[in-house]
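Here are my notes on the model you sent over. Have a look at it first, then read on.

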Amino acid sequence: MYLNILATGSSGNCFFIENKNDIVFIDIGISFRKLSTLIDLNRFLGKNIYLFITHEHTDHITGLSTFKDKLKPLIFTGEGTADALKNKKMDVNEFFILKKDKIYNINGFKVAPFHTPHDALEPLGYKFFFDNKNITFATDLGVCPNYLIDYFNDNDLLILESNYEDTLLYNGKYHKSLKRRISSLKGHLSNKEVFNIISKINTSNIKKIYLGHISEDNNDYNILDRYVSMSKKYFFVDISYVKQRESVLNIEL
Ligand SMILES: [Zn+2]
Ligand SMILES: [Zn+2]
């Protein structure tokens with residue numbers, strides 16, 4: 001099976017997992033047109049298409065309406081997110097509502113939604129269990145409470161955000177209210193916070209970590225390189241990051 005990171009960052013977030021029978025999307029924060037330029041949609045033919053939405057922020061749902069009309073996926077999200085999308089005049093009648101801290105049997109795979117501290121109505125992260133492969137998505141969270149570490153342990157792939165570097169955010173051009181929002185407990189994770197999280201994870205049970213949702217304004221790839229090499233050195237983990245506006249396709253699990 002494969003993971004495809006089509007986009008990650010404030011200009012759009014979209015991932016999909018592909019196995020023999022299923023295409024499982026996590027967020028559709030890119031336009032349908034962009035999606036069809038990144039991948040050949042014919043590869044979806046004859047497969048079950050699912051979409052799991054983390055939260056209602058535009059960078060996670062931009063392409064939702066067209067995606068829904070064209071590909072007719074089964075859509076899953078939290079009740080708060082469905083309400084927020086309904087307020088944006090989207091038809092959410094056929095959405096399947098998930099609750100955090102439960103494990104759902106979908107159709108050949110399982111999913112465990114968990115709460116992510118973020119300034120949306122009911123933000124969720126997802127841990128997927130496919131046969132013997134686990135993949136967890138946790139982008140858009142201001143802080144990492146201890147219960148999340150349990151979800152982060154034991155994964156073939158773990159996708160985490162590493163949004164900003166403290167000093168670049170504080171000294172940067174953003175208005176102070178936006179700086180406060182980003183660094184708040186319901187904002188985004190800094191590089192340092194992610195490094196601390198990795199120090200708490202049992203990395204012997206992690207095959208690979210991808211860092212995403214990296215800010216173009218408040219982060220720096222040279223700084224990230226240092227965190228990545230420290231993580232490799234101290235925690236023996238295979239880790240890399242995905243730049244904003246870049247895609248990483250066909251990551252084999
Ligand atoms: Zn968000
Ligand atoms: Zn986001």
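This is a predicted model: local features need pLDDT of at least 70, side-chain atom pairs count only at pLDDT 80 or more; totals for chains, interfaces and linings use all residues.

1. Residues are numbered from 1 along each chain as its sequence is written, and chains are lettered from A and ligands numbered from 1 in the order in which they are written.

2. The sheet is open and has seven strands in the order 7-8-9-10-11-12-13, with mixed pairing. Strand 7 (104-105) and strand 13 (239-241) sit at the edges, each pairing on one side only. Strands here are DSSP E runs of at least two residues, helices are H or I runs of at least four, both numbered from the N terminus; pairing takes at least two DSSP bridges.

3. Strand 11 (155-161) and strand 12 (206-212) run parallel over six bridges, with leucine 157 opposite lysine 208.

4. Aspartate 238 is in the loop between helix 9 (221-235) and strand 13. It touches Lys207 and Lys208, leaving out residues up to four places away in sequence (contact: C-beta atoms, placed from the backbone, within 7 Å). Its C-alpha is 4.9 Å from that of lysine 208, 30 residues apart along the chain.

5. Helix 8 (191-200) buries Asn191, Glu193, Val194, Ile197 and Ile198 (buried: 20 or more other C-beta atoms within 10 Å of the residue's own; exposed: 12 or fewer; partly exposed: in between; C-beta atoms placed from the backbone). The face turned away from the buried side carries exposed Asn196 and Ser199. The cover over the buried residues includes helix 5 (146-152), strand 11, strand 12 and helix 9.

Methods. Two residues are in contact if their C-beta atoms, placed from the backbone, lie within 7 Å.
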